[in-house]
Amino acid sequence: MTLEHLQPAIERYFALPAVTSDTTLKAEALGAFLELREALEAGRVRSAEPDAASPTGWRVNAWVKQGILLGFRLGSLAELPGETLSLIDKDTYPLRRFKAEEGVRIVAGGSSVRAGAYVARGVVCVPPMYINTGAYVDEGTMVDSHALVGSCAQIGKRVHLSAAAQIGGVLEPINASPVVIEDDALVGGNTGVYEGTIIRKGAVLAAGTILTRGTPVYDLVHGNVLKATPEQPLIIPEGAVVVPGSRAVSRGKGSEWGLSVYTPVIVKYRDDKTELSAALEDLLR
């Protein structure tokens, strides 16, 4: 089935309530899902992709997310092969297995990549880390220890997801934007990026930075406050250097007690010194 015909097939099967109860229908739907899963793993299809015509620069492919959800509906719990652990999951989503010629480096020690995720040549996976189905991880990226790439998250080229970085996933609602980390971004340790936040090219998130749809980001360089809107997610500008900060509570007991609340702050934009620091990532590879 061509990709042109795969989309309407997925949309049709996803909309049919009887897809799991009719044996013939289920077999047809499973065939379409397996084609989608293969296309996702090959990078021919993405749950979201760059789109210059979109206000955010990205377009959500809702039908792909429908197909991923369809896979969960069609799957049955089964024992999955594992070297040491007992693995029980939907049989439509086994662990991905890689070959040396694919050029993906997965260091021994407990890392997992779920079926339906794309992992490009030159990606380094340091244990223990996890990449969920529908995610897209592009060339030269490092996924460090305890890092999570959530379902449908889009990770660009030469990104470093440092230890314990959490990149949130999203399957529902179907049209919700996933988290996007664009090329050459550096995501520090214990950082969390959630709820469709977009990190533009070359941005740096310092260790401990948390970004959500409801998080205002204070740009000290340009003197403005970045916020999500009903139409757009939070977007961190290209080359921004974001660090964890705080702002004083100005009223009530918070003011009386001298309390502050967490807020991320853009303290600068990448310059030669920042580039030199980021260049150390190449040595790790």
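Biologist: Which residues of H3 are buried?

Modeller: In this predicted model, the buried residues of H3 are Trp 63, Val 64, Lys 65, Gln 66, Gly 67, Ile 68, Leu 69, Leu 70, Gly 71 and Leu 74. The helix is thus mostly covered, with 10 of its 13 residues buried. The cover includes helix H1 (3-15), helix H2 (23-42) and strand E2 (58-60).

Biologist: Where is Thr 92 found, and is Thr 92 buried or exposed?

Modeller: Thr 92 sits in the loop between strand E4 (87-90) and strand E5 (105-106). Buried means under 20% relative accessible area; Thr 92 has 3% relative accessibility and therefore counts as buried.

Biologist: What does Thr 92 touch?

Modeller: Leaving aside residues up to four places away in sequence, Thr 92 touches Leu 30, Phe 33, Arg 37, Gly 71, Phe 72, Leu 74 and Gly 75. A polar atom of the Thr 92 side chain lies 2.8 Å from the backbone oxygen of Gly 71.

Biologist: How many disulfides does the structure hold?

Modeller: A disulfide requires two cysteine sulfur atoms within 2.5 Å. The structure holds zero disulfides. The sulfur of Cys 125 has its closest cysteine sulfur in Cys 152, 18 Å away, which is too far for a bond. Cys 125 is buried because its relative accessibility is 0%, and Cys 152, also at 0%, is buried.

Definitions and conventions
Residues numbered from 1 in each chain as written. Predicted model: local features only at pLDDT ≥ 70, side-chain atom pairs only at ≥ 80, totals over all residues. Heavy atoms only, no water. Helix = DSSP H or I, 4+ residues; strand = E, 2+ residues; numbered from the N terminus. Buried < 20%, exposed > 50% of the residue type's maximum accessible area, 1.4 Å probe, protein only. Polar contact = N/O pair within 3.5 Å; in protein donor to acceptor, adjacent residues only side chain to side chain. Contact = heavy atoms within 4.5 Å.
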